[in-house]
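Hi there,

Here is the structure I promised to pass along. Have a look at it first, and then read on for what turned up.

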Amino acid sequence: MAVLGRACLLLALLVCVYGIGASLYGVRRGRSEWCESGRRAVYALALILTVAFVVLEIAFMRNEFSFNAVADTSSTNTPTFYKFAAVWSSQEGSLLLWAWLSAMWSSLILFLTRNRMRDITPYAQSVLLGFAGFFVGLMIFYASPFDTTSPAPTAGAGLDPLLRFWTMMIHPPMLYSGYTLCIVPFAFGVGALIARRVDAEWIRATRRFALASWLFLGLGILLGARWSYSELGWGGYWGWDAVENAALLPWLTGTAFIHSIMIQEKRGMLKVWNASLVLATGTLAIMGTFLVRSGILDSIHAFGASTLGVPFVVLIAVCIFGSIYLVVSRRDMLRTEHRLDSLFSREAAFLLNNLVLVGLAFVIMWGTYFPLISEAFTGSESSVGPPWFDRYTVPLALILVLLSGVGPLLSWRRATGSGARRNLIVPATAFVLVLVGAIAAGVPENVKALLMFACAAFAIAAVGQEFVRGTRVRRALSGEATPLAMFSLVRRNRRRYGGYLVHVGIAVMFVGVAASSSFAHQNTDVPLGRGQSTKVGAYKVTYVRPTAVLHDAPSVDGELRTALAQYPQGNQIPIHHDGGDLDHVLDLGAVLDVTKNGHHVATLRPMMSFYNGDDPSQGTVGDLLAGQSVSDVGLNSSPLRDLWSAFDLNLAQTPLQSIINRGNAIVPANRPDLALVTIAALAGSYLEHPPAAEFNLLISPLVMWLWVGGLIVLGGGLLAGSPSGSLVRGRASARVAARATRGMARA
C-alpha cells in the first residue's frame with residue numbers, strides 16, 4: 001500500500017511537469033494538440049491523486065500503524081467517524097488533501113472551459129499544475145504521507161481529543177476547498193494578463209468558482225467559530241488567532257472581487273481592481289496554508305513543521321512579485337472603459353465597499369503578521385491582542401453593514417435626488433427607530449453596539465424594501481398571488497436576490513457579534529462545591545450534583561460494576577463499552593441548575609473528558625488519565641440569550657489523586673484491566689464526595705443570531721451561484737442546436 005502511494009506521488013509530479021511543458025509549448029507555438037494534452041494531464045493528475053488519497057484513507061480505516069501518519073493521529077479505538085477525518089489532522093495528510101482538491105477543481109474548470117478561451121486556458125492550466133506540483137513536491141521531499149516504520153507500532157497515539165467534535169470532520173475540508181478554489185480564478189487571471197485578454201470573459205468563466213471559494217471559506221470559518229465556542233471552554237467564538245485571520249483574509253478580498261466583477265461585466269470598469277483582487281486572493285490563500293503548515297506564528301491550529309517554511313516563502317514571493325509585475329506591465333490594457341458618472345451611484349457604493357473590505361484585510365494582516373514585523377525591525381517579537389483588532393475593525397464593520405443597505409437603493413450610473421430620498425425613507429426610519437428604541441429601553445451605553453444595531457436595521461429594511469417592491473411589480477404583471485410572485489421574482493433573478501440575502505445575513509451576524517461581545521456577563525474560575533451557588537448577571541447558578549461516565553473494554557465490565565457496588569451512588573455511573581485499547585477513559589462533570597427570580601430556567605451539564613496519556617512514567621493508573629483533558633461545554637440556547645458553562649477539575653489537586661497513587665502502587669504494569677477498576681473506584685468516590693471544581697459561566701445575549709446569520713449568508717450565496725432556469729434551458733437549446741448543425745454538416 002505504501003509503495004503504491006509513493007508511486008502515485010512520483011507519477012503525479014511527472015504529470016505536473018509534463019502538463020506545464022506541454023501547455024506552454026502548445027500555446028507559444030500555436031499547437032492546439034499540445035494544449036489539449038496539457039489539459040488531459042490535469043485530468044490524469046486528479047485520477048492519480050484520488051488513488052493516493054484512497055490508499056491513505058484505507059490505511060487509516062485498517063489501522064495500518066506502519067504508516068507514520070496513521071500511528072501519529074489514529075488508534076485502534078478511535079471512532080470510525082473520526083478515523084476518516086484523521087487523515088487531514090496530520091501534516092502529511094492535509095498536504096495530500098490540498099493537492100487532491102486542487103486537482104479536482106482544476107479538472108472541473110478545465111472541462112467546463114474546454115472549448116473556450118484557447119489563448120488563456122493553457123497558461124491557466126500551467127499555473128494550476130504548478131501549484132499542484134508544488135504540494136506534491138512537498139510530500140515527496142519534505143513530508144510524505146506514505147512514510148513507514150518497521151516494525152510497525154502495535155498501537156497509535158490517537159486523534160487529538162480537541163478535534164473530536166463533529167465540525168472538525170468538515171471544517172478543514174471546507175477551508176481547503178476554499179483555498180484551492182481561490183487558485184482557480186487566480187490562475188485564469190494570470191492567464192488573461194499573460195495572453196493580454198483583459199475583457200470579462202475569464203471573469204464570467206470563473207465567477208462561480210470565485211463564489212464557491214467564498215462560500216467554502218465562509219462555511220469553514222463559521223464551523224471553526226462553532227468549534228471554538230462549543231469545545232475550547234473559554235466562552236468565545238473568535239479570538240483573532242493567526243490561523244483564523246489567515247482564513248478570513250482571502251474571504252474579505254474574495255468578497256470585494258465578487259462585488260467589483262459586476263461593475264466590469266456591466267460597465268467595463270475596475271479592471272485594475274479585479275486583476276489585483278483576484279491575484280491577492282489567490283496569494284492570501286497560499287499564505288493561509290503557509291501559516292498552518294509552517295508554525296511561524298503561534299496558533300492553537302498551527303502545525304509545527306518549520307521545514308516547510310522556506311518552500312512556502314519562495315512560492316509566496318513568486319506569487320507576490322509575479323502578480324505585481326503582471327498588473328503593472330498590463331496597466332495600459334487595464335484602463336477603464338467608462339468613468340464614474342456620479343459619487344451617488346451603485347458603482348460608487350461598490351467601490352467604497354471594496355475600499356472598506358480591503359482596509360479590513362490590511363488591518364487584520366498587519367495585526368496578524370505584527371510579531372514578524374516587530375522582530376524584523378526591533379529584534380524582539382511582540383504581538384497585538386483582540387482590543388487592538390477591535391479598535392480598528394469595528395468602525396470599518398459599521399461602514400460595511402451600512403453600505404450593504406445603501407448599495408441596493410442606488411441605481412447604476414447616477415441616482416436622482418428624488419429617487420434616492422424615496423428609497424431611503426423606510427431604511428432611515430428603521431435606523432432611527434432601532435437607535436431610539438434601544439436607548440429608551442435602557443440598553444447599556446455601548447455606542448458602537450447601538451450603532452451596529454441601527455446599521456443592521458437599515459440594511460435589513462433596505463433589502464426588505466427591494467423584495468417588497470419587486471414582488472409588487474411581479475404581481476401586477478403576472479396576477480400571481482404574493483407568495484408565488486415573490487418565489488418567481490427570486491427564481492428569475494437569483495444572482496441579485498441571493499446577493500441581497502447575503503447582505504441580510506451579514507447584518508444579522510453582526511447583530512449577534514455586537515450583542516454577545518458587548519453585553520455578555522461572565523464569571524471565570526468560580527470555585528463551587530455541591531449545593532453552592534453564584535450569580536451571573538440576573539441569573540443564579542447552583543451546583544446540584546456531580547456526574548461520571550466510564551469508558552471500558554467489555555471484557556472488564558463485571559469487575560467495574562463490582563468496584564462500583566461498594567459506593568451507594570455507584571450504580572448511577574453509566575458504562576460505555578468502547579472496546580479495544582482504551583483512549584477515552586473517563587468523564588467527570590456536574591449538573592447545574594439555572595434560575596432567574598426564583599424560577600427554573602435551564603439545566604446545564606458541563607463535563608471534562610479524560611484521555612489515555614501513553615506516558616508510563618505516570619504509573620499504571622495515572623497513565624490512563626494523563627492525556628489531554630477536554631472540556632465539554634454545557635449549553636442552553638435561545639433566540640435571546642445563551643447560558644454557557646464549562647467545568648475544570650485538576651485531579652492532581654484533589655483528594656482523588658490519592659486513589660490514583662494507591663492504584664499506581666498496587667496495580668502491575670501489565671494489568672490495565674485492574675487499572676480500570678481503580679478508575680471505577682475513583683469515579684464512585686467522586687460521586688460520593690465531589691471536590692470543589694472551577695466553573696466558567698457566561699450569559700451571552702443574541703449569540704444565536706450569529707449562527708442564524710451565517711446560515712442566511714450561505715443560503716444567499718448558494719442562491720446567487722445557482723444557474724437560473726432560463727440559463728439552463730438556453731444552454732440545453734444551444735447544445736441541441738449545435739448537434740443538429742453538426743448532423744446537417746455531416747449529411
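Let me start with the sheet. Four strands form an open sheet in the order β1-β11-β10-β9, and their pairing is antiparallel. At the edges sit β1 (521–528) and β9 (634–637), each of which pairs on one side only. From one strand to the next, the twist averages 10°. Please keep in mind that this is a predicted model.

Inside the sheet, β10 (residues 641–648) and β11 (residues 693–701) run antiparallel and are joined by eight bridges.

Next, the nonpolar cores. The largest one has 136 residues, and those with the most contacts inside it are L45, L49, L96, F135, F188, W202 and I286. Helix α7 (residues 166–195) gives the most to this core, contributing 14 residues. Another core, of 47 residues, lies apart from it and includes A548, V594, L676 and L687.

F188 deserves a view of its own: leaving aside residues up to four places away in sequence, F188 touches I109, L110, T113, M117, I120, T121, A124, W202 and T206.

Finally, a helix to look at end-on. Which residues of α20 (residues 656–666) are buried? They are L656, I659, I660 and G663. Seen down the axis of α20, these buried residues fall within an arc of 100°, so they line one face of the helix. The face turned away from that buried side carries R662 and A665, which are exposed. Among the elements covering the buried residues of α20 are α19 (620–625) and α21 (672–688).

Definitions and conventions: Residues are numbered from 1 along each chain as its sequence is written. This is a predicted model: local features need pLDDT of at least 70, side-chain atom pairs count only at pLDDT 80 or more; totals for chains, interfaces and linings use all residues. Side-chain values use heavy atoms; hydrogens and water are left out. Two strands pair if DSSP finds at least two bridges between them. Helices (H or I, at least four residues) and strands (E, at least two) are DSSP runs, numbered from the N terminus. Axes are lines fitted to C-alpha atoms, for helices over the stretch in contact, and angles run from 0 to 180 degrees between N-to-C directions. A nonpolar core is a set of buried Ala, Val, Leu, Ile, Met, Phe, Trp, Tyr and Cys residues joined through side-chain atoms within 4.5 Å. Buried means under 20% relative accessible area, exposed over 50%, partly exposed in between (1.4 Å probe, protein chains only). Contact means heavy atoms within 4.5 Å. The arc is that of the directions from the helix axis to the C-beta atoms.
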